[in-house]
Amino acid sequence: MLNRRMFLQGSAALGGAFTLGAGLAARAGAAPDPQILTARFAEAQIAAGGVTPRVMTYDPGDPASTAMPPVLRMRKGEPFAARLVNRLDEPTTVHWHGLRIANAMDGVPEMTQPYVYPGDGFDYLFTPPDAGTFWYHPHCNTLMQMGSGLTGVIVVENPEDPSFDSEIVLNLRDWRLGASGEFIAPFKPRDAARGGTYGTVRTANWQREPVYDAPAGGLVRVRIAATDVTRIYTIGLEGAEARVIALDGNPVEIPFALDRLDLGPGQRVDLAVRMPQSEGQHARLGNFRGSSPWTIAAFRAVGTSLKRELGDIAPLPPNPVAEADISTAKRIPIDLTATAEHEPAASICGSLGYTFWAINKVPWPGDTPDPVAPIEELKFGKSYVLEIANRTPHAHPIHLHGLSFRILASNRRSVLPPPTDTILLLPDEQAQLALVADNPGDWVFHCHIIEHQKTGMSAYFRVA
């Protein structure tokens, strides 16, 4: 009998073959060498009190690499290949967060590909259509695997981007560790039913308050990805000028000065930073959310001043995101709510054992063998407006796979970002999200506070 897993394996193989053919055509018969990503256990010095055993990482096969997953570099419009090798003791996958790629490459088990079991592998091959800052992570047992280290940053380069004097990439995330560095319980149920469970050790690139050198008086592109499973940041910079040049991978039309910027799990921001003029001076990137601000990372000026100005940098060229035709767009209501607790369905990809949240009154953990019906079946090439309402007293960073949307209006914000894949929906916020259904497949739509995702705030759209 043909079961769902067999069907998914066959579909993934066909999708991989189709993508492979497209990649070969794009490179005139030359497939790119795959980036090896070995999911494995490691040790790392993260907490002050001791080494943390059994962190999870993606080993790129480079002897000089650190324990942290590598920054993956791609080029807009050029094929990229990766081979996942699973050396963990449980199934896993890789999801390419924010990349508008073929559905078979999206990395969601039971939805777009089979599980990658221990000892097995999976080949990903796709061509990123957009330049910018993105990231990658598993979509299986996500709270445990991401919380244990499996989050890495993606940089998709565009040769038409303006040049900077330096680049700093920051992967922001917490860890739930005890005083000696050991892992502690990944979540508390009462917190999962609220804003989520925070980590005990806050890091940038797996370090506490790291310091990075950059040319004095130079212009630095700082790429920031919030890969934490819970924390919402309010970032700001002290000791230097900075402008926001891109949000969630898409350039802003007119760069604006960084004051305080909210950044939820799954979101990214690119900054143009003008370093202090004198050697040894520091600029400090901080989190100003809550009553006790703290330093995320510092940038130290080195060398003779380059005497650059922020006005020297032209706006980034836009990505080719289709604009919705609002006059013909179908409107789809979406409500984010709490839900009555009940026992969730079993899943190879892990269950938290609770249900607290729902989308349109339907709770779904997001990776069960028999998914719920899609929110809506979207017609390929047609325009839609998602009328989304947060009916809860908590913020939810809502992420859509495979598609980009534009925020048309909101009752809680006056400044609207460029096209995006994630909206940090504030308590009681109502917003209109416009998109073109231009990528066929089943696309997951979920809260990126992973406790919320795994306790019901997950759904999907079908584009056909």
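On a 1 Å grid over the protein atoms alone, a pocket is an open set of points where a 1.4 Å probe fits, with protein on both sides within 12 Å along at least five of seven lines; lining residues have an atom within 4 Å of a point. A volume is the space filled by probe spheres set on the points.

This is a predicted model, where local features need pLDDT of at least 70, side-chain atom pairs count only at pLDDT 80 or more, and totals for linings use all residues. Residues are numbered from 1 along each chain, and side-chain values use heavy atoms, without hydrogens and water.

Select Leu-247, Leu-261, Arg-413, Val-415 and Pro-417, the closest to the centre of the largest pocket among its 27 lining residues. Its volume is about 700 Å³. Now colour strand S15 (250-257), which gives the largest share of the lining, four residues. The lining divides into 15 nonpolar, four polar and eight charged residues.

**Stop two: a pair of strands.** Next, show S11 (residues 211-215; strands are DSSP runs of E, at least two residues). Tyr-212 and Ala-214 are on its covered face, while Val-211, Asp-213 and Pro-215 are on the uncovered one. In a regular strand, side chains alternate between the two faces of the sheet. S11 runs parallel to S19 (residues 294-302), joined by five bridges (strands pair with at least two DSSP bridges). Find Asp-213 and its bridge partner Arg-300.

**Last stop: Arg-221.** Look in strand S12 (residues 219-226). Is Arg-221 buried or exposed? Arg-221 is buried (under 20% relative accessible area, 1.4 Å probe), at 4%.

How values were computed:
Ala, Val, Leu, Ile, Met, Phe, Trp, Tyr, Cys and Pro count as nonpolar, Asp, Glu, Lys and Arg as charged, and the others, Gly among them, as polar. Buried means under 20% relative accessible area, exposed over 50%, partly exposed in between (1.4 Å probe, protein chains only).
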